[in-house]
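Take a look at the model below. Then follow the text from one contact to the next, and keep the sequence at hand.

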Amino acid sequence: MAGKWRKLELGGQAYLLQLNVREDIVGYSCYLTDLVNIYKEEVDKEGFSDKFCEINSDLELDDIVEGFKEVTGIMLSEGERKIKGEVLEDCCDLKVEWFSEGIPYKWIFKLVRESSSEFHELVTKSLLNSMALLLGEREELVSIIRSKDLEIEDYENSGAKLTRKALKTTWFKPELAFKETKPVEIEDEIDFITSSHIQNVMNKAVVQIKGDEVDSKETEHGTACKVIKSPTKESSEIPPKLNTKRKVVKPDLNKIADKMSNKKKKLNSL
């Protein structure tokens, strides 16, 4: 289970902290970054058990999973905890203390500085996937608006009229609609990434990518190509281009009258 990025202040500087829990192996991956460097610690069940017994030597647990849930639970929750640490050039130790049912617990995350490729994989790639998701949703919204314009045009050509003039709209043109949009100035990068809106987008992108990977594995034995499903799109059909000129075809009454007259003459001659 991938945790969301959380803001953590150490020594007067803001950092991003993420804990990815692997309940199936009773392990985790912990990340800390200032958006320049990234630090990481990976622990499996054996490593966690040895570490827990060393740090909490005065506690006795029947099952180490209980201690694992205590550590990961307090880190993923909004519960009260104390986190202290110092970030050095190549490593970082985070000391956590909290109480659970009156029992004191402690934990130490020992993170080591990773390479730029690890930063790209965890941070840069995640942001790029989020941008791709937003662009896809924008295209979908533009497609929906275009379809609505065509629907309204069809109503008007059928003789429908608005009862309230205030509801009248012009044809939607994306190249003009977003022309005046100004970029938002980001005052604090850490606060921006940890905001609920950005976290929702990043988590949604992760879920979609995992879904695509499942689809790829399911079709691996049947076909060599990767099938990507987009849960946000019900149809890939592109609506026809809008015609900005509105034309209502009216019947020629004179021609209809002539046809009726000719029919009458033929009937009278019989």
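Start with a pair of side chains. Glu137 and Lys204 meet in a salt bridge, with 2.6 Å from N to O. A salt bridge here means a side-chain nitrogen of Lys or Arg within 4 Å of a carboxyl oxygen of Asp or Glu. Glu137 lies in helix α3 (residues 116-157) and Lys204 lies in helix α6 (residues 196-218), so this pair ties together parts that are 67 residues apart in sequence. Glu137 is partly exposed, at 25% relative accessibility. Lys204 is partly exposed too, at 36%. The terms have cut-offs: buried means under 20% relative accessible area, exposed means over 50%, and partly exposed is in between (1.4 Å probe, protein chains only).

A word on the source. This is a predicted model, in which local features need pLDDT of at least 70 and side-chain atom pairs count only at pLDDT 80 or more, while totals for chains, interfaces and linings use all residues. Residues are numbered from 1 along each chain as its sequence is written, and side-chain values use heavy atoms, with hydrogens and water left out.

Now step back to the whole chain. The protein chain has 7 helices and 7 strands. Helices (H or I, at least four residues) and strands (E, at least two) are DSSP runs, numbered from the N terminus. Along the sequence, the pattern reads β-β-β-β-α-α-β-β-β-α-α-α-α-α. Of the 270 residues, 28% count as buried.

How many salt bridges does a search of the whole structure find? The search finds 11. One of them joins Lys7 and Asp191, whose closest N and O atoms are 2.8 Å apart. This pair links distant parts of the chain: Lys7 is in strand β1 (residues 6-10), Asp191 is in helix α5 (residues 189-194), and 184 residues separate them. Lys7 is partly exposed, with a relative accessible area of 35%. Asp191 is partly exposed at 35% as well. Another salt bridge is formed by Lys110 and Asp93, at 3.4 Å from N to O. Lys110 sits in strand β7 (residues 103-113) and Asp93 in strand β6 (residues 91-100), 17 residues apart. Lys110 counts as partly exposed at 45%, and Asp93 does so at 32%.

Next, go inside. In soluble globular proteins, nonpolar side chains tend to be buried together. Which residues touch the most other members of the largest nonpolar core? They are Tyr28, Leu32, Phe48, Met75, Leu94, Trp107 and Phe109, in a core of 29 residues. At least two residues of this core come from each of β1, β2 (13-22), β3 (27-33), β4 (38-43), α1, α2, β6 and β7. Helix α2 gives the largest share, 5 residues. A nonpolar core is a set of buried Ala, Val, Leu, Ile, Met, Phe, Trp, Tyr and Cys residues joined through side-chain atoms within 4.5 Å.

Move to the surface. There, Glu60, Asp62, Asp63, Glu66 and Glu101 gather in a patch of negative charge. Patch residues have over 30% relative accessible area and no salt bridge; like charges are joined within 9 Å, and nonpolar side chains (Val, Leu, Ile, Met, Phe, Trp, Tyr) within 5 Å. Asp62 has its place in the loop between α1 (45-55) and α2 (64-76). Asp62 is exposed, with a relative accessible area of 85%. Glu101 is found in the loop between β6 and β7, and it is exposed at 80%.

Glu101 also has a backbone feature to check. Most residues other than glycine have a negative phi. Glu101 has a positive phi of about 55°, although it is not a glycine. Leu35 has a positive phi as well, of about 70°. Leu35 is found in the loop between β3 and β4.

Asp34 lies in the loop between β3 and β4 too. Asp34 is partly exposed, at 23% relative accessibility. The C-alpha atoms of Asp34 and Glu189 are separated by 9.5 Å, while the two residues are 155 residues apart along the chain.

Is Asn56 buried or exposed? Asn56 is buried, with a relative accessible area of 2%. Asn56 lies in the loop between α1 and α2. From Asn56 to Gly67 is 11 residues in sequence and 9.6 Å in space, C-alpha to C-alpha.

Notes
Areas by Shrake-Rupley, 256 points an atom, 1.4 Å probe, with all protein chains shown as cover. Lys, Arg positive; Asp, Glu negative; His and termini not counted. Charge placed at Lys NZ, Arg CZ, Asp CG, Glu CD.
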